[in-house]
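Here are my notes on this one, in numbered points. Have a look at the model first, then read on.

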Amino acid sequence: MNYPTLHKKLLGMIVLPAYLLAAPTSPSAQEGDPAAGEKIFRKCASCHRVGEGAKNATGPVLNGIVGRQTGSYEGYKYSKSLISAGENGLVWSSEAIFDWLANPRDFIRAYTGDPMARTKMSFKLGDEQQRRDVIAYLGTLSPQDAAADGSSMSHGDTPFDDKMAAGNVDPLADMERVRQELVLPPNVPQHDQVAKGDPKIVEIELIVEEKPWMLDSDGTTVVALTYNGSIPAPMLIVHQDDIVELTLKNPDSNLMEHNIDLHAATGALGGAGITTIAPGEESMIRFKATKTGTFLYHCAPEGSMTPYHVTHGMTGAITVLPRDGIKDENGKLLTYDKMYYVGENDFYVPRDENGDFKTYEDAGEDLGDWIEVMKTLLPSHVVFNGRVGALTGENAMTSEVGETVMFVHVTANRDSRPHLIGGHLDYAWETGSFISPPLRDLETMLVRGGSAGAAMYTFLQPGVYAYLNHNLIEAVELGAAGHVVVKGEWNDELMQQVYLGPLK
Ligand code: HEC
Ligand SMILES: [Cu+2]
């Protein structure tokens with residue numbers, strides 16, 4: 001049975017609210033103040049555009065929404081529920097929008113009679129007066145043709161010519177292709193430190209997964225937004241002059257729109273301008289890795305959605321190695337035995353009246369509350385690799401005396417101060433730039449928010465080392481700490497215990 005048929009069957013079985021049958025314009029929904037509503041619309045504006053030239057974003061354009069058939073704005077990919085509601089005659093009266101805004105999921109479940117029905121809008125507006133006001137404001141917007149003519153460009157628009165369109169003569173046809181197998185952090189894909197042969201096309205696939213994610217041992221859980229299901233997202237590794245062919249997929253089971261901005265890429269907002277996809281879509285870009293270094297990548301939809309997605313886990317790192325390897329200040333090749341990858345993420349979990357962390361069911365449902373906490377700049381969690389303790393105990397990083405480890409540390413928002421207690425950073429590329437000479441023998445490096453840094457250390461003593469953010473409050477109280485367990489022989493020359501006991 002297809003969905004509309006099922007829907008009609010169910011429709012006959014349930015009692016519908018009066019407005020669905022008659023669609024009267026109720027006075028209660030008309031008492032709103034359009035001017036106040038315009039301000040409230042800012043809450044909607046992270047997902048919806050209005051006015052001349054407005055384009056579909058996370059949500060459809062809302063020009064002329066009052067009186068418009070549900071799920072009918074051209075070019076927008078609605079959920080199945082909204083499309084079939086519209087096909088069955090549901091029109092957005094002020095009353096219907098009033099109930100929809102209170103709880104879109106309950107609204108669509110009540111309408112379809114399907115307890116499993118889903119909508120892509122998870123945002124709720126509880127306050128009745130605010131709902132009336134915003135509806136009054138929406139009522140002032142006429143259903144003008146919102147198709148942009150392309151003559152004016154806004155942030156992120158990209159001037160494509162035909163050469164760039166897919167399917168044309170491919171100047172890359174002769175290049176060798178390799179597919180990069182991505183692995184879970186703190187591990188990194190297999191790679192050559194010195195490139196073999198000519199630049200290649202490196203095929204990479206990232207799949208967006210919205211999913212429940214536990215942040216600490218108290219069970220604090222958020223609906224995280226992830227690339228490939230991990231926080232941080234997988235490390236990507238290529239060599240300078242390689243072409244990265246990146247496919248981004250947003251499965252139908254997701255609710256939100258996503259994209260990717262890679263700081264290693266040039267143009268179109270690092271790719272974000274040309275990769276934005278709704279659930280059920282995918283996008284592919286190719287970019288040349290022109291600059292060497294370690295770089296952040298992250299989701300960057302628009303407006304508040306950018307920090308919102310970033311603080312829900314959509315951050316990762318891409319390493320672009322020099323073709324002839326990483327060098328010291330004299331041009332001598334530096335190699336490592338293994339690379340570890342640490343992602344630092346800040347979370348802003350909203351609390352209830354009792355000060356307990358709140359939980360939400362769907363991706364995006366915490367949007368309003370989260371933005372309020374986010375704006376305080378006071379994170380509830382600052383963690384390595386997605387949760388408190390992700391890199392300690394059984395999950396600790398490991399090494400051996402005499403082994404050289406390259407650490408790559410990425411942070412999207414806040415500055416971080418990676419420090420290895422009991423060790424050093426022999427070589428550090430704080431800014432991530434491999435063309436710049438490394439700093440030598442550091443105690444702590446500064447990784448700026450919005451970047452990834454790299455540092456190399458050869459372990460000289462066995463033991464459990466803490467690798468942490470040397471803002472010790474963030475490390476100990478908020479979670480930004482991990483361990484490196486190092487095996488091998490103790491070296492008395494470097495340190496020994498001479499005496500420990502009562503005062504002599
Ligand atoms: C987090 C993003 C988000 C926010 C914030 C949001 N919406 Fe939506 N909205 C959506 C999405 C996504 C859809 C499409 C729902 C679907 O297809 O199931 C939608 C659909 C709608 C629809 C139905 C449109 C149609 O063409 O059928 C209305 C009406 C609407 N939203 C109003 C609002 C108003 C008013 C606000 C602010 C008070 C708001 N939304 C805030 C994401 C959002
Ligand atoms: Cu995203």
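At what angle do helix 5 and helix 7 pack, and how far apart are their axes? Point 2 has the reply, after some housekeeping.

1. Bear in mind that this is a predicted model: local features need pLDDT of at least 70, side-chain atom pairs count only at pLDDT 80 or more, and totals for chains, interfaces and linings use all residues. Residues are numbered from 1 along each chain as its sequence is written, while chains are lettered from A and ligands numbered from 1 in the order in which they are written.

2. Helix 5 packs against helix 7 (residues 128–139) at about 130°, and their axes are 10 Å apart. Axes here are lines fitted to C-alpha atoms, for helices over the stretch in contact, with angles running from 0 to 180 degrees between N-to-C directions. Helices are DSSP runs of H or I with at least four residues, strands are E runs of at least two, and both are numbered from the N terminus. The angle makes helix 5 oblique to helix 7; under 35 degrees would count as roughly parallel, over 145 as roughly antiparallel, 65 to 115 as roughly perpendicular, and the rest is oblique. The crossing is right-handed (near helix turned clockwise from the far one by less than a right angle; anticlockwise is left-handed).

3. Who touches whom there? From helix 5 come S94, I97, F98, L101 and A102, and they meet R131, I135 and G139 of helix 7, contact being C-beta atoms, placed from the backbone, within 7 Å. That contact has 5 nonpolar, 2 polar and 1 charged residues. Ala, Val, Leu, Ile, Met, Phe, Trp, Tyr, Cys and Pro count as nonpolar, Asp, Glu, Lys and Arg as charged, and the others, Gly among them, as polar.

4. Now the other helix pair. Helix 4 (residues 80–87) and helix 6 (residues 104–112) have axes that come within 11 Å and cross at roughly 50°, which makes helix 4 oblique to helix 6. The crossing of helix 4 and helix 6 is left-handed. S81, L82 and A85 of helix 4 meet I108, Y111 and T112 of helix 6, giving a contact with 4 nonpolar, 2 polar and no charged residues.

5. On to ligand 1. There are 28 residues around ligand 1, of which C44, C47, G59, S79 and M121 come nearest (near means a C-beta atom, placed from the backbone, within 6 Å). Helix 3 (34–44) and helix 5 (94–102) are the elements that give two or more residues to the shell, and helix 5 has the largest share, with 3 residues. By class, the shell divides into 17 nonpolar, 9 polar and 2 charged.

6. One open sheet has 6 strands in the order 13-12-15-19-17-18, with mixed pairing; pairing needs at least two DSSP bridges between two strands. Strand 13 (381–384) and strand 18 (439–442) are at the edges with a single partner strand each, so one side of each lacks a neighbour in the sheet. Strand 17 (residues 425–429) and strand 19 (residues 451–458) run antiparallel, joined by 3 bridges, and W429 stands opposite A454 in strand 19.

7. Another open sheet has 4 strands in the order 14-21-20-16, again with mixed pairing. Strand 20 (residues 463–469) and strand 21 (residues 481–487) run antiparallel and are joined by 6 bridges. V464 faces V485 in strand 21.

How values were computed. Two residues are in contact if their C-beta atoms, placed from the backbone, lie within 7 Å.
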